[in-house]
Amino acid sequence: MPKFCRYCLLLCFVLAVGFVEVSAQDKKLISGDFRGMNFEQFIHALESKSNYHFYYNISQFDSFTVNISATNKTLNAILDEAFLHSDFHYSIDQQNNVFVIRRFKIETSLPTDFFARKKLTNDSSKNFVLSDNSDEQEKQNEKIKSALENRLFEIGVKSNTIKPGSATLAGYVRDLKTGEAIIGAAIYIDNPPIGVTTDQFGYYSFTLPRGRHSLKITSVGMKETKRQIILYTDGKLNIDLQEFVASLKVVTVISEKNSNVKGLQMGVERMNIKTIKQVPVVFGEADVLRAVLALPGVTSVGEASTGFNVRGGSADQNLILFNDATIYNPSHFFGFFSAFNPDVVKDVELYKSSIPEKYGGRLASVLDVTTRDGNKKKFSGAGGVGPLTARLTLEGPLVKDKTTFIIGGRTTYSDWLLKTLPNKDYSNSGASFYDANVRISHEINAKNNLYLTGYISNDQFKLNNDTLYRYRNKNANIKWRHSFNNKFYGIFTAGYDGYEYSVSSTANPVNAYKLAFDINQTNARLDFAYAASASHTIDFGVNSIYYQLHPGSFTPVGDKSLVVPDHVQAEQGLESAAYLGDKWTISSKFSLNAGIRYSLFNYLGAHDVYSYVPGQPRTENTIVDTTSYAKNKNIKSYQGPEYRIALRYSISDNASLKLSYNTLRQYIHLLSNTTTISPTDIWKLSDPNIKPQTGEQYSLGYYQNFKSNTIETSIEVYYKTMLNYLDYKSGATLIMNHHIETDVLTTRGKAYGVEVMIKKLSGKLNGWVSYTYSRTLLQQDDPIAGETINKGDYYPANFDKPHNVNFIGNYKINHRFSISLNLVYSTGRPITLPIAIYDLGGSQRVYYSDRNQYRIPDYFRTDLSMNIEGNHKIKKLKHSSWTIGVYNLTARKNPYSIYFTEENGVIKGYKLSIFGTAIPSITYNFKF
Amino acid sequence: MRFRFSLYKILIVAISSVFAFGCKEVYTPPQSNTNPNYLVVDGVLTSGDSTKIKLSRTRNLNDSVLNSPEGGATVVVIGEGSDSYPLSEEEIGTYSIGLLSLNAGEKYKLDITTSDGKHYESDQIITKQTPPIDSLNWTINDNGVQVFVNTHDQSNGTLYYRWQYEETWEYHAAFDSYYTYTGGMLVPRNPNDHVYTCWHDRSSTELVLASSAGLSADVIYRNPVVFIPKGSEKISVEYSVLVKQYALTKEAYEYWESLKKSTELTGGLFDPLPAQLIGNIHCTTNPDEKALGYIAASSITKQRIFIKYLEVEPWPPPPQDCPEVIVPPDSVDYYFGKHLLSPVANHGLTDFSGSFASCVDCTLNGGTLVKPSFWP
């Protein structure tokens, strides 16, 4: 128990507040209209109008509705009336504690140990909390919860009178059971209506008026709790939250209560791993990216696609962060699995429109995947076995409450699947992948924390024993967090991120080759957060990324190979940025988040740069000059400000209107002229001939919550433009091209859409339904391009799918069974269809229409999964569960592509479905 | 480039193999009448050999017509030095010249005037010298026979290659027929009228390309040309393939490679976006009108190999439904007269045997009875 708790004198609470006010309020009369309220609302109403505290077991009251109103009545009179025809009884003791239970009445003589400063788990409150729950742990937790909630914490240096003004309360919000930080928990008070959320370390810093407050703390998947505080001066309060176990009969509101309405950010989606695990997936493996695809505004080109598209952005315009490490290829198996181990992931946040100023470098979105820190209290583990993969995670304290670790690994045994195929070609082939994570968190002291993260993922595909294809992500970083004081802390992060792929073939000894590509980035960043006052929170920092790319090397393999080694010159670049942002609560109605980020990009030597005849299409023939630059010499700089502005207006407690404007710049581009991005696409830095991409986005949103914030609704509209987005000339060569600028074209893009979402995150039935209308149009009007796409008119992007409907629902039948259903509908993606055939080169050929003028048939898929938990006995060696699912339940043959190919001189059209049948899976998961 | 090709292949195989859940259905595109009716120019100016240029028009996608030749045009090869070689229309849409002797180092263009008066011409093209084919060889594995070509250019000047091939194979009917049913009678066949042995031929339909660019020597080693799947009729007796080699310019190679990518190597997960290819034929009358095709000029080198059934044994026979039916004399009229069966031979003293016509007459399976001149 934290030190300060020992000084929290319950006695003081009772004496100072209790007795003094009891005498004054004993006969206080209460007025109000309670009609239609459920029991909890009723109790809250009563508590807010008096200083009574109620004790009850909510499961006894879940069907109870109040149907009275009162004018200047005593509490006794109100309760008598409310419980008139029920079998509920209440008792009120001297401390204004009210105990409501069913069937019998409690005698309210004060237990002798009520004031005792004993361990809280043995706290007196156990005498009062009744529970019909058989689960011991739950009882225990309930006890802790109610005890803590009703205790008065005195914060800071106590004084007799409370000075006017504000003070800052800071601390960590953690999981009671594992001690892990809880990200994004909301801490707020009702009067004045202000609040903060915890950062990635679970840390919060909350400046609020001095005096008595009831802090409310909510977080997705955790039980809502509150803390009574008296704030004298700056001080600390750590808060432990309990996991919300929905199968138990406790009706607790777990949504990020009001945060979508009250938060400043818009276009932000947060999902914790529990939600992600509820989304049914192919092959039974919980998949972060698949869950992201179910969010409004996110689409993909097809089922086997590595990339996702956010609000009309291309796949390379997403910054994918895994514990602050940039992941260049977030998938395994050509895009069928995401490269994140679900047992390690804690939550996922997707920023679609108001991207925090501390992030930059990509135009469309930031996907922030956070892993857990590991269990601080005890050694534990988890794992699972599915049809294609197996995984194992271990975690625990290295030094209790100081140092924790989590280590996870995942691999596939899909090779056997290949072996079973009749075609001999395949049985000599093999496919495999693995990924591994490690994270160590160390608390040096109360002010300093250290985090080490490492990640590796590797994919390999072997064809006929002679062609080997592989790609790999490698990431490592170190993070040091230092709190200067309650209001001010800083984080220093340094790390390395790398991605590489290679293809080697020895099928023909004379041509035997190895093709390799890699990208390496070394980055360092300093981020500060300063809670300046109750109305201002300031973020600022600087960061820098040094890139080194080897855009391609083509080398011989074996003695007989005649391949001449060829290396495309390495590229170097330095991307730096400084940012400053302020969250400003202007009034209780208005708040503003204004940020500016200034980014600078330097393209550095050693490199040769070609110059072309001005005003002419760039081709090898229009190269007029080559300039060689020495190592680290600045070849070209690009720079510019990026604005991040978000405004919120609260219409009421449950509704708000938000407006945001963002500009972004991107200095690194993925070169891909295939429909979906492939692992062998290469990245390219901006250089004198390739300008950075820039984008801006306007968005407007309306948010409203219903039914005590258990139902969230939102509607967001956006309009977005993009400049210098890359497209490719017909027949462009992207690999091993020494002058890529001769094969690319610049295009401009515009995207707009509406996203509507209804979300219910608590209760037996939870989930969301969303509808998105979105368009993404590109225009290639580069005057010196030498050729134009669709005559320079706007044309739909490959991922332009106007209508999207997603439904994700989870129903908990009882403690052990839950069912999830996933429905996806979208318009078919645009394709280029042939409009004519002709004879050439011995066969029929097709002549294509203008780009993307047709669409493949609409996409519709239904997935179902059932989760069966083992029994919930606490003292078990391991807890296990089974997930049984069917992907594409209706076996609809959703076309992935339509293509035309020559067969014996005749053109044939085919429709290819990747998952053309229902795919059942069964996965066994365990925890210990 | 070579590796790009293999990359696609890997990806296609990877997906289709690992995920056996996929499925492929025939797709009929929506009916359209968007045919732009462009002129298509197909052929190679073959120096030192006969040259055939085919002119045709684009057709609607669902057109039932199988070809759309463009007749009545004037086709001339014009050199820089104003020397010209007119081609004559041999059959509708096919323009040829018996021997085209182009000067190495001189640039030529193809000049076309269609019957509607429109004028088209190609870019100026250089004549490439094609090195000889070093050898053709083949290997057999569980799936079939793969024929490879080997070539090189000592001077390192060719780099880009294209091959066409003509396959010919001898095959036999299931039964050698000794009778014909003529005038209500079974008449012994004239020894010259047997329909047992036939020859079939087929020209390549796919584009076979390779490049040695990026190698230290201009060497093409074991480049796959043609594949004969196991059990194919093609090697049921004897098979022969004539491989014709052409040298290409880099631009021509890139054109054919793009065409191959967009019409043959499709169907994978990572298909390139279909592109509208830009050839080297232009309509000078109306610059907005496109013309399709790419005209290149080069000499030609050829080589032929034979593969005998005995060399590929065991080679399963192609599936045939050929029962031998015994026909008693009183049923001869019924079976043979109504052409339900064709006679094969005597069976015993009075009966005859017969089988389906396609099992007896090899010409019904696409071949001819004329033995090619090169056949051993």
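Here is a short chat about how some features of this two-chain predicted model get their names.

User: What should I know before I start?

Analyst: This is a predicted model, where local features need pLDDT of at least 70 and side-chain atom pairs count only at pLDDT 80 or more, while totals for chains, interfaces and linings use all residues. Residues are numbered from 1 along each chain as its sequence is written, chains are lettered from A and ligands numbered from 1 in the order in which they are written, and side-chain values use heavy atoms, with hydrogens and water left out.

User: Why is Ser365(A) called buried?

Analyst: Buried means under 20% relative accessible area, exposed over 50%, and partly exposed in between (1.4 Å probe, protein chains only). Ser365(A) has a relative accessible area of 0%, so it counts as buried. Across chain A, 60% of the 928 residues are in that class.

User: What makes the link between Ser365(A) and Asn318(A) a polar contact?

Analyst: The rule asks for a pair of N or O atoms within 3.5 Å; within protein, one must be able to donate a hydrogen and the other to accept it, and residues adjacent in sequence count only if both atoms are side-chain atoms. Here the side chains are joined at 2.8 Å. Contact in general just means heavy atoms within 4.5 Å. Leaving aside neighbours within four places in sequence, Ser365(A) has contacts that include Phe308(A), Leu350(A) and Tyr351(A).

User: Where does Ser365(A) sit?

Analyst: Ser365(A) is in strand E23 (residues 365-371) of chain A. Helices (H or I, at least four residues) and strands (E, at least two) are DSSP runs, numbered from the N terminus. E23 belongs to an open sheet of five strands in chain A, ordered E15-E22-E23-E18-E19, with mixed pairing.

User: Why are E15 and E19 of chain A called edge strands?

Analyst: Strand E15 (268-272) and strand E19 (325-326) of chain A each pair on one side only.

User: How do you know that E18 and E19 of chain A pair?

Analyst: Two strands pair if DSSP finds at least two bridges between them. Strand E18 (residues 318-322) of chain A and E19(A) have two bridges, in the antiparallel sense. Leu321(A) stands opposite Thr326(A) there.

User: What about E13 and E17 of chain B?

Analyst: Four bridges join strand E13 (residues 160-172) of chain B to E17(B), and they run antiparallel. Trp163(B) stands opposite Val208(B). Strand E17 (residues 208-211) is covered on both faces: Val208(B) and Ala210(B) on one side, Leu209(B) and Ser211(B) on the other, are all buried.

User: What makes H2 of chain B largely enclosed?

Analyst: 11 of the 14 residues of H2(B) are buried, so the helix is largely enclosed by the rest of the structure. Among them are Tyr253(B), Trp256(B) and Leu259(B).

User: Why is Lys911(A) with Glu25(B) called a salt bridge?

Analyst: A salt bridge needs a side-chain nitrogen of Lys or Arg within 4 Å of a carboxyl oxygen of Asp or Glu. For Lys911(A) and Glu25(B), the closest N and O atoms are 3.6 Å apart. The count between chain B and chain A is four salt bridges.

User: How many residues take part in the contact between the chains?

Analyst: The contact takes 78 residues from chain B and 82 residues from chain A.
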